[in-house]
Amino acid sequence: MKKTATLFALFALILISVSAHTDRVVRAAEGYKAPAIEINDSSAGAAISFDGKWTLVNFWTSSDPVSRIAAGNYDDLARGIRSNSDFQLLSINVDRSAALYSAIVAADGLSEGTQIHLNPDEATRVAEEYYLERGCNSYLIDPTGKIRAVNPSTETVLAML
């Protein structure tokens, strides 16, 4: 009986440790390490690094008006603080259509240098890592790679920089 109780307690401890560690590594939420973003699309480059810079990662799609408005607001913010080399904006579009993405970037006057369109396979992978099935979000990531704010206002971004 004592052996069974000991094995049960050991199993429970291992289960709790593994689930806590897994949640800490992959959760896209404030205070957690941001999931890495690797883009294999030739137009965007290879891997995106968060090290050494404050990074505002904004996910948007044409079918989500709130995220599309945020893309414009964050783009204006980035234009206003371009002199700060410790800040970068990555506005990532997850629409299936590259043509639609290009038309919206042009129509909304978004900076092409901060906009990235993901092909459908990459969009699916990144959407899973950042839990975008619940809707598009924005993440302010500090120079160590930790998420400091989710859907921050432009005022919050400026205050944290």
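pLDDT is the predictor's confidence in each residue, on a scale from 0 to 100. This is a predicted model, and the mean pLDDT of its chain is 79. Of the residues, 73% reach 70 or more. Residues 18-26 fall below 50. Beyond near neighbours in sequence, that stretch has 8 contacts in the model.

Start with strand S3, residues 54-60. S3 is mostly covered, with 7 of its 7 residues buried. Its side chains point two ways. Trp 54, Leu 56, Asn 58 and Trp 60 point one way, and Thr 55, Val 57 and Phe 59 point the other. Residues on both sides are buried.

S3 pairs with strand S4 (residues 87-93) in the parallel sense, over 7 bridges. S3 also pairs with strand S6 (residues 138-141), this time antiparallel, through 4 bridges. Val 57 shows both pairings. Its bridge partner in S4 is Leu 90, and in S6 it stands opposite Tyr 139.

S4 is mostly covered too: 7 of its 7 residues are buried. Phe 87, Leu 89, Ser 91 and Asn 93 point one way from S4. Gln 88, Leu 90 and Ile 92 point the other way. S4 runs parallel to strand S5 (residues 115-117), and 3 bridges join the two.

| Strand pair | Sense | Bridges |
|---|---|---|
| S3 and S4 | parallel | 7 bridges |
| S3 and S6 | antiparallel | 4 bridges |
| S4 and S5 | parallel | 3 bridges |

## The nonpolar cores

The largest nonpolar core has 19 residues. Phe 59, Ile 92 and Tyr 130 touch the most other members. S3, S4, helix H4 (120-129) and S6 each supply at least two residues of this core. The largest share, 3 residues, comes from H4.

Leaving aside neighbours within four places in sequence, it is in contact with Ile 37, Ser 67, Ile 92, Val 126, Tyr 130, Leu 132, Cys 136, Asn 137 and Tyr 139. Another core lies apart from the largest one and has 12 residues. Its members include Tyr 74, Leu 77, Ile 81 and Leu 140.

## Aromatic pairs

The whole structure holds 4 aromatic pairs. One of them joins Phe 59 and Tyr 139. Their ring centres are 6.3 Å apart and their planes meet at 75°; the pair is edge-to-face because planes over 60 degrees apart count as such. Phe 59 lies in S3 and Tyr 139 in S6, so the pair ties together parts that are 80 residues apart in sequence.

Both rings belong to covered residues. Phe 59 has a relative accessible area of 0%, so this residue is buried. Tyr 139 has a relative accessible area of 1%, so this one is buried as well.

Trp 60 and Tyr 101 form a tilted aromatic pair, 6.2 Å centre to centre with 40° between the planes. Trp 60 is in S3 and Tyr 101 is in helix H3 (residues 98-108). The two are 41 residues apart, and the pair links distant parts of the chain. Both Trp 60 and Tyr 101 are buried.

Ring pairs also link Phe 59, Tyr 130 and Tyr 139 into a cluster.

Conventions. Residues are numbered from 1 along each chain as its sequence is written. Side-chain values use heavy atoms; hydrogens and water are left out. Buried means under 20% relative accessible area, exposed over 50%, partly exposed in between (1.4 Å probe, protein chains only). Two strands pair if DSSP finds at least two bridges between them. A nonpolar core is a set of buried Ala, Val, Leu, Ile, Met, Phe, Trp, Tyr and Cys residues joined through side-chain atoms within 4.5 Å. Contact means heavy atoms within 4.5 Å. Rings of Phe, Tyr and Trp (its six-membered ring) pair if their centres lie within 6.5 Å; planes under 30 degrees apart count as stacked, over 60 as edge-to-face and the rest as tilted.
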